[in-house]
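Here is a friendly briefing to read alongside the model.

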Amino acid sequence: MRMDDHRESDNVEDRRGSSGGSGLRLGGGRLGLGTIAIALVASYFLGLNPLTVLNMLAGGGLPAVEQQAPASRPPADDATAIFVSRVLASTEDTWNAAFREMGRPYREPKLVLFTGVTPTACGTGQSAMGPFYCPGDEKVYIDLAFFDELKQRFKAPGEFAQAYVVAHEVGHHVQHLLGISGQVQRARQQVGEAEANALSVRLELQADCLAGVWGKRTDTMKNVLEPGDLEAALTAASAIGDDRLQQQAQGRIVPESFTHGSSAQRVRWFRRGFDSGDFNQCNSFETKQL
């Protein structure tokens, strides 16, 4: 991606400690990315708290949250953090313009860089959860070590793959501002587990579509994409589909337990947003065929 001359966002909080470690300290030791990946898969498919799983793998004891350094801007020599800050700035430009078209104000989210665990308005955020959005404080949280997982474990390298991850979480912020996520949450509380999962899938696919809209509009405005970038984002969307993750984790696929959508669905909805550049094409709740 051609982002070197783009502005950085003022909405980035760097909570990473000075040690720069990529593990989570629990009980008596630090857990590496491999163990975190195991906890992520186990918690995702077994309905367990990732912190509980990590604690078990670490040998018991109560989890201890490492002290975080005061929030600050990323250091000037941290290329990945600077790239993420520029991606966030591009989402600000895109969604400020899109919301103006709708006659609505856009409230920019904060993006928090952290390592291991961090407090959020939605509870304790954990690296094992992967990147996530908290509507309670309107912040996107990400441990940049996830990009190593994206490249090595999920075989989805490239800057646009990383940008897609950020844009997807900002898509959840857009849903929050439009009242969509709140409506879905209320609806999920009134139905059974399978129906609730199906609603979650539609919410996630819409966020994928909104990420595609961001990609198209940003490229149209600033010509940021290079050959192979779109394919990198599509590879990332495919790599984190529920069917692929379930096959890797348990050797079988259980569609009724999907919460994010299949690989094909995630690719299709990102592509739908990218091809159209129109957020009106992202209504995943009104279509029968996902």
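**Salt bridges first**

Asp 93 and Lys 222 join their side chains in a salt bridge (2.5 Å, N to O); the term stands for a side-chain nitrogen of Lys or Arg within 4 Å of a carboxyl oxygen of Asp or Glu. Asp 93 belongs to helix 3 (residues 79–101) and Lys 222 to helix 7, so the pair ties together parts that are 129 residues apart in sequence. Helices here are DSSP runs of H or I with at least four residues, and strands are runs of E with at least two, both numbered from the N terminus.

This is a predicted model, in which local features need pLDDT of at least 70 and side-chain atom pairs count only at pLDDT 80 or more, while totals for chains, interfaces and linings use all residues. Residues are numbered from 1 along each chain as its sequence is written, and side-chain values use heavy atoms, with hydrogens and water left out.

**The protein as a whole**

- The protein contains ten helices and eight strands.
- Of its 290 residues, 52% are buried; buried means under 20% relative accessible area, exposed over 50%, and partly exposed in between (1.4 Å probe, protein chains only).
- Among contacts in the protein with a separation of 6 or more, 72% come from residues 24 or more positions apart; a contact means heavy atoms within 4.5 Å.

**More on the charged pairs**

- Searching the whole structure turns up twelve salt bridges.
- Asp 93 counts as partly exposed because its relative accessibility is 23%. Lys 222 is partly exposed too, with a relative accessible area of 31%.
- Both residues also belong to a network of salt bridges that links Arg 7, Glu 92, Asp 93 and Lys 222.
- Another salt bridge brings together the side chains of Glu 13 and Lys 139 (3.1 Å, N to O). With Glu 13 in strand 1 and Lys 139 in strand 8, the pair ties together parts that are 126 residues apart in sequence. Glu 13 and Lys 139 are both buried.
- A salt bridge also joins the side chains of Glu 138 and Arg 107 (2.7 Å, N to O). This pair links distant parts of the chain, 31 residues apart: Glu 138 is in the loop between strand 7 (132–134) and strand 8, and Arg 107 is in the loop between helix 3 and strand 4.
- Glu 138 counts as buried because its relative accessibility is 15%, whereas Arg 107, at 48%, counts as partly exposed.

**Strand pairing**

- Strand 1 (residues 12–14) runs parallel to strand 4 (residues 110–113), and three bridges pair them. Two strands pair if DSSP finds at least two bridges between them.
- Which residue of strand 4 is the bridge partner of Val 12? Leu 111 is that partner.
- Strand 4 also pairs in the parallel sense with strand 8 (residues 139–142), over four bridges. Here Leu 113 stands opposite Ile 142.

- Asp 143 sits in the loop between strand 8 and helix 4 (145–152).
- Asp 143 is buried yet has no salt bridge, and Arg 16, the nearest side chain of opposite charge, is 7.3 Å away. For charge, Lys and Arg count as positive and Asp and Glu as negative; His and the chain ends are not counted.
- Setting aside residues up to four places away in sequence, Asp 143 touches Phe 114, Thr 115, Gly 116 and Ser 127.

**Two other residues to look up**

- Pro 119 lies in strand 5 (residues 117–120). Is Pro 119 buried or exposed? Its relative accessibility is 54%, so Pro 119 counts as exposed.
- Beyond its neighbours within four places in sequence, Pro 119 makes contact with Arg 15 and Tyr 141.
- Gln 162 is part of helix 5 (residues 159–177) and is buried, with a relative accessible area of 17%.
- Not counting residues up to four places away in sequence, Gln 162 touches Phe 83, Phe 147 and Leu 150.

**Helix 7 and its end**

- Helix 7 (residues 193–222) has 30 residues and should span 44 Å at 1.5 Å a residue; its end C-alpha atoms are 43 Å apart, which agrees. The expected span is 1.5 Å times one less than the number of residues.
- Just after helix 7, Asn 223 adopts a positive phi of about 50°.
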